[in-house]
Each structure stands twice: as structure tokens, then as C-alpha cells.
Amino acid sequence: MDIKVFYKRDGEKPLDNLVNDGGFCGIFRRIACVGDSLSSGEFEGTGDEGQRTWHDLYDYSWGQYLARMAGCTVLNFSRGGMSAKQYCDTFAAEKGFWDADKACQAYIIALGVNDVSTVLNGGIEFGELSDIDPEDCENNAPTFIGYYGKIISKYKAIEPEAKFFIMTMPREKRDMGRQELYDKFREVAYELAELFDNTYVLDLREYGPEYDEEFRDNFYLGYHMNAAGYMLTAKMVASYIDFIIRNNPNDFRKVGFIGTPYKNDDVI
């Protein structure tokens, strides 16, 4: 056995080693996926009159593929069309997603596509890190970044030791105005990881594949992914989290105590 494959490896990039069993992502027994249609296993269909239809089939979501891979429980805190503002204003409370009994050890946040659409339509400002009050999220500015920070703050209040993983948007070569905002969000994602402890970036924009025409031919169904696309996303998410854990073992040493009344105050 070569134990070194489970250690930090010099020069390794986050997705150089794709895991098929969840890797060390499996150390989390309960994970929440906060997101929109691409976190909900949404498929596009055709109605009786030829109109386009949309269906959140959660069993096909990358979160549920991740659950089956890693043998953990994954909760879908998501819905097609979701934005950070809608999540904070109505959706999370209506669904009971702020309830303490739904607390998780890890939260993967994959929001932004619909928020950027609203920014481009003039419905909300993009915002910046200074829109976030880390002491009282109710003081956050009503911007995309303000609402995004509020989601993290509220879940940190529910489970202070939870780990947070912020997902960036993939690379594309279409709709360049949108791509500029995706680049801007990538910058803010790293700032959020500095602002909040126990927070990491799943930078698919930098390290994931480009979602070009060939990628879409293989993994898309209309404007959303097909089943294989959602499974591929699960492999990337699990592999990226596995990479983060292997490269930061001290950060994850006490994961087993998250959500329990027990603790370990030792440095190691």
C-alpha cells in the first residue's frame, strides 16, 4: 500500500485525482447543498403542446450522486430558479431549512447563476465584501454578495463548527457580460473564505473543464445537465473536497465532533 496517495502531494491540482467513492468527502455524515436548478437535478422536458417544461428530479442531483458515492446523507436545500435573495427572504424559512434539526456538518453553496441574471437585468446590485456584517447578518446590504454572506452567517449560527464550501461558476465562452460577473464572483469567493473561518472555495472556474460545445454535447440536455452531467459534477465536487481535506488535515481533524455535544480542545 502506498499511503502517500492519501497525503498532500506537491504540485497536485484539485481535480488531478478524480475519486469514485467520495474520497475523504465521506468523513462528513450530513451535508447540505444550497443551490439552484443545477443543484436540484433539473431536467428540461416537452409539454403536450410542445412547450418547454422544467423538473427538479432531486434523485439525479449531484448532491444525491455524492451521497451514494460517499455513503453520507445529503440534503437538497435547493430549487430551480433559486437566488441568494429569494433563499434568504422566503425559501429557506418556508422549507424549514433554518431549523436546528436540519443542521449539517458541511454546507456546499452553489448559487449565483440566477443572481447574476438579476444583476444583468438591473434587479439587484452585485455588491462587494463590505456589504457583509459578520457580527450581525441582518445588517448586510441587500445585494447579491450581501445575501450570499447572510446564508453563510445564518448556518454558522446554527452549527458554528460546520465547514463551508463555496462553488464558483464554470468557464464558458458565451455571453461574455455574464462571464465577467462570474470572474468577479470568483474573486469574492476567496474573500469570503478569508472573512469566514472554516470556509473553502471549490474553484471549478479555475480547475474544472470548460463547458464548451463538446462538453455540452456529452453532458447537457437543453440548458441544464443530463444525468451523466450531474454525476460528473458529483465526482468533481467530491474530488475537490477530498483534495482540500488532504491538503489541510489539521482543519478536518475534529470533524467527528461537529454536531455532537463533545469536543477536543487539544491542538492536535
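This is a predicted model: local features need pLDDT of at least 70, side-chain atom pairs count only at pLDDT 80 or more; totals for chains, interfaces and linings use all residues.
1. A salt bridge links Asp-89 with Lys-85, and the closest N and O atoms are 2.7 Å apart. Both residues belong to helix α2, which spans residues 84-95, and because they are four residues apart there, about one helical turn separates them. An α-helix has 3.6 residues a turn, so residues three or four places apart point the same way.

2. The salt-bridge network. Salt bridges with shared partners connect Arg-9, Glu-12, Asp-242 and Arg-246 into one network. One of the pairs is Glu-12 with Arg-9, where the closest N and O atoms lie 3.9 Å apart. Glu-12 is buried, with a relative accessibility of 13%, whereas Arg-9 is partly exposed at 28%.

3. Arg-52 and Glu-44. The structure contains 16 salt bridges, and one of them joins Arg-52 to Glu-44, with 2.4 Å between the closest N and O atoms. Glu-44 has a relative accessibility of 11% and so counts as buried. Arg-52, at 43%, is partly exposed. In general, side chains of opposite charge can pair when their charged atoms come close.

4. Helix α4. This helix runs over residues 144-158, which makes 15 residues. Its first and last C-alpha atoms are 22 Å apart, close to the 21 Å expected at 1.5 Å a residue. How enclosed is α4 by the rest of the structure? It is largely enclosed, because 12 of its 15 residues are buried. Among these buried residues are the aromatic side chains of Phe-144, Tyr-147, Tyr-148 and Tyr-155. Ile-145, Ile-151 and Ile-152 are buried as well. The list also includes the glycines Gly-146 and Gly-149, along with Ser-153. Two lysines of α4, Lys-150 and Lys-156, are counted as buried too.

5. Asn-198. Which backbone angle deserves a look at Asn-198? Its phi is positive, at about 60 degrees, although the residue is not a glycine. Most residues other than glycine have a negative phi. Asn-198 sits in the loop that connects α5 (176-195) to β7 (199-202). With a relative accessibility of 17%, Asn-198 is buried, since the limit for that class is under 20%.

6. A negative patch. Asp-212, Glu-213, Glu-214 and Asp-217 come together on the surface as a patch of negative charge. Asp-217 belongs to helix α7, residues 213-219. Its relative accessibility is 61%, so Asp-217 counts as exposed.

7. Which residues make the nonpolar surface patch of about 550 Å²? They are Met-1, Ile-3, Val-5, Phe-6 and Tyr-7. Tyr-7 is located in the segment before β1, a strand covering 30-35. The relative accessible area of Tyr-7 is 46%, so this residue is partly exposed.

Definitions and conventions: Residues are numbered from 1 along each chain as its sequence is written. Side-chain values use heavy atoms; hydrogens and water are left out. Patches are made of residues with over 30% relative accessible area and no salt bridge: like charges are joined within 9 Å, nonpolar side chains (Val, Leu, Ile, Met, Phe, Trp, Tyr) within 5 Å. Accessible areas come from the Shrake-Rupley method with a 1.4 Å probe; for residues, only the protein chains shown count as cover. A salt bridge is a side-chain nitrogen of Lys or Arg within 4 Å of a carboxyl oxygen of Asp or Glu. Lys and Arg count as positive and Asp and Glu as negative; His and the chain ends are not counted. The place of a charge is taken as NZ of Lys, CZ of Arg, CG of Asp or CD of Glu. Buried means under 20% relative accessible area, exposed over 50%, partly exposed in between (1.4 Å probe, protein chains only). The expected span of a helix is 1.5 Å times one less than its number of residues.
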